[in-house]
Amino acid sequence: MALNKSAISGLGVSLGIHVLVIFALSFIVYDIGGEQLQMVVDSVFAEERAQEEFSQEIEQDNEVADSMNVIAGGAITSAIGGSGAPAVAQTKIEQAESLKEPEIKVNVGAITAPGLNTLGNDLGAGEVTGDIGQVVEGYGAAMSQFTQELVRLMRDQKVLVVWAFDESESMKPAQKEVREKFNKIYEELGIAAKQDQKLKASEEVLLTVVTSYGQGLKEQTAKPTANVSEIRAAIDKIDIDRTGKENMCQTINAVVGKYLKMAQSQKRKLVVCVVSDESGDDGNVVEDTIALCKRGDVPVYFLGQYACFGYPYARYRWVDPQYGLTHWLQINQGPETPMPELLQFDGIGARWDYMSSGFGPYEQVRIARETGGVYYLLPSYGTNLVTTTKLDDRKYELLDMREYLPVLSARMSYVKERESSKFRSAQWEVISLLNPHQDSKLQMREHWYPTDPAKFAEEGKRNFEMAIRAMGLLNQASAVLEKIKPLEAKEQSQRWRANYELTYAQCLAYRVRLFQFLLALDQHQKTKPMPKGSSNGQPNNAWNLVRVKEMLPPDPEQVKITKIDMNELNQQLETAKKMFEQIVKDHPNTPWARRAQNEINSGFGMKFVEVYRDPRYDKTDIKLPAL
């Protein structure tokens, strides 16, 4: 059909107009913020903080679980250690001074969020670093958490787990409890295998070896097994090592040396789980153990106790079966740091308190962190430890302890860093100067003084001279600490500032305590009292020095003999009290505050009290266990 001229003309005009409009639109540019699609804005605090790490409290669970929730055992490591921190109560967050009116900075960086297809993937064992402390209320809860760790590892390959039980006598209750709850692991693994499609389909996805150690390694299972009855029977066979040695690091080395090739040949991952209430006697080779485990990709887990705060030793209560007499035996249960950071002296002798640090012993926690394992913090057996606080107080709030985390670097690096600081190295100088474990003359007698006046005079004179010398060392230590006082404000570590304040206050207070010790000795020697009472139906036959709040006033002759400036001494006491009170205020809900409050509660006076000492303690046929 032919088009007329008017139709052609109209079509041409319309086409021309559309072409012109499209041409004009091509020159219009809209700024849609395309650059912002490649940017992200973060808000941070004005003060730059290192990634922190906290313990995680686990609810008590002694029953076999009905289902399994698998959680990676750690988080990406930081300078201190990697650990997935639990949520903190909102009221704590709101009260935290560091969260009030933060200064906002804007940091711009490229978006690097992963796609939705990768967000839900399991990181696997190779992507996590060990957890420095998960708080559990018993072995049942710990073994449930350990089962979750095994499930996570078995998503990649089958597992051979080697249990290493400490053979010390103090571990017998723990061994019994683990034995009774061992079915939890295999029953919960069976549940997990049904629910988790990632687990390898195998009848023996997990095999177990039971070993024990003291001075050396002992194998309790003939071969790896999945039979719970065989595992329990193997635990029952564990004997007590009478050498008193706990060579933990050498045991781990021996386990890796024996079982790693076996595990690799069966395409299994080797896992080690140590059950112990002590820190071990061979911490000098801890770095060799870590290196060996890293080379073999062997994570090490611990079911252990809280480290004694700033001190290597705790005292374990043991009753001899022959006479029923109580003995207090020294065990290694600390410290939480590579080397002690607090005084080992309590004003009269070596410390006897067990005060929890809130963390596990250094060697064990470091091994767990560096190898990708977990340190499970178990409750202590309260009736068997000398303690100055309730054992229920062993735990501390996460928010309160965030700035007091122990350094877990290698000892060589730790010492190098400490010696590079005048503030820290001076504190170590004082700790070394006043160490009763290195200087026996700092160990004065408190208990079982003889009632015979002549024998008391001889013992009193010896301890009097030791106390005079110790007061001089305390004066020397106080001078060292006073000199570095201006450096405290420059110290970045809250832990080292708290260490300094507590140590300084103790040096001043202990000088007063020693003077009271001298007054008590002198007064007793002058009056020569004799016991008049009885205990448990037996006439008292000895004297003990006890710590009290009441202070003995000195007479002029005593001041002259001891050559003590009473004005200076009284001023030191008042200063020490104020410092202890300030520590409680500045470091609330921490071991430093508890130790300071304990000093205040104990008082600084000394007096003699009559007691009964069972003469059977002198019998030579009592065989004390080596713990």
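These are my notebook entries on a predicted model, taken one region at a time.

**Entry 1: helix H17**

I started with H17, which runs over residues 566-586. It has 21 residues and reaches 30 Å from its first C-alpha to its last. That is close to the 30 Å expected at 1.5 Å a residue.

Next I asked which residues of H17 are buried. They are Leu569, Gln572, Leu573, Ala576, Met579, Phe580 and Ile583. These residues cover an arc of only 130° around the axis, so they sit on the same side of H17. An α-helix has 3.6 residues a turn, so residues three or four places apart point the same way.

I then turned to the other side of H17. Asn567, Gln571, Lys578 and Lys585 are exposed there.

What covers the buried residues of H17? The cover includes helix H14 (453-483), helix H15 (494-527) and helix H18 (591-602).

Not counting residues up to four places away in sequence, Leu434 touches Leu343, Gln344, Phe345, Leu442, Leu473, Leu474, Ala477 and Cys507.

Is strand S6 (residues 206-213) buried or exposed? Eight of its eight residues are buried, so S6 is largely enclosed by the rest of the structure.

I checked both faces. Leu206, Thr208, Val210 and Ser212 point one way from S6. Leu207, Val209, Thr211 and Tyr213 point the other way. All of them are buried.

I looked up the pairing next. Strand S5 (residues 158-166) and S6 pair in the parallel sense over eight bridges. Val161 stands opposite Thr208 in S6. With strand S7 (residues 217-219), S6 pairs in the antiparallel sense over three bridges. Here the bridge partner of Ser212 is Lys218 in S7. The link from S6 to S7 is a hairpin through three residues.

**Entry 2: Gln175**

Gln175 is in helix H5 (residues 172-181). I wanted to know why Gln175 counts as buried. Its relative accessible area is 2%, and the cut-off for buried is under 20%.

The side chain of Gln175 makes a polar contact with the side chain of Lys172, at 3.3 Å. Leaving aside neighbours within four places in sequence, Gln175 is in contact with Phe165, Asp166, Glu167, Ile235 and Ile238.

Lys528 has a phi of about 50°. It lies in the loop between H15 and strand S13 (534-535). At 44% relative accessibility, Lys528 counts as partly exposed.

Asn536 has a phi of about 55°. Asn536 sits in the loop between S13 and strand S14 (538-539). Its relative accessibility is 81%, so Asn536 counts as exposed.

I also noted a cis peptide bond. Which residues does it join? It joins Gly334 and Pro335, with omega about -5°. Pro335 is in the loop between strand S11 (326-332) and helix H10 (362-371).

**Entry 3: Ser413 and Pro338**

My last look was at a pair of residues. Ser413 and Pro338 are 75 residues apart in sequence. In space they are 9.9 Å apart, C-alpha to C-alpha. Ser413 is in helix H12 (residues 411-419). With a relative accessible area of 41%, Ser413 is partly exposed.

Conventions:
Residues numbered from 1 in each chain as written. Predicted model: local features only at pLDDT ≥ 70, side-chain atom pairs only at ≥ 80, totals over all residues. Heavy atoms only, no water. Helix = DSSP H or I, 4+ residues; strand = E, 2+ residues; numbered from the N terminus. Expected span 1.5 Å × (residues − 1). Buried < 20%, exposed > 50% of the residue type's maximum accessible area, 1.4 Å probe, protein only. Arc of directions from axis to C-beta. Contact = heavy atoms within 4.5 Å. Pairing = 2+ DSSP bridges. Polar contact = N/O pair within 3.5 Å; in protein donor to acceptor, adjacent residues only side chain to side chain.
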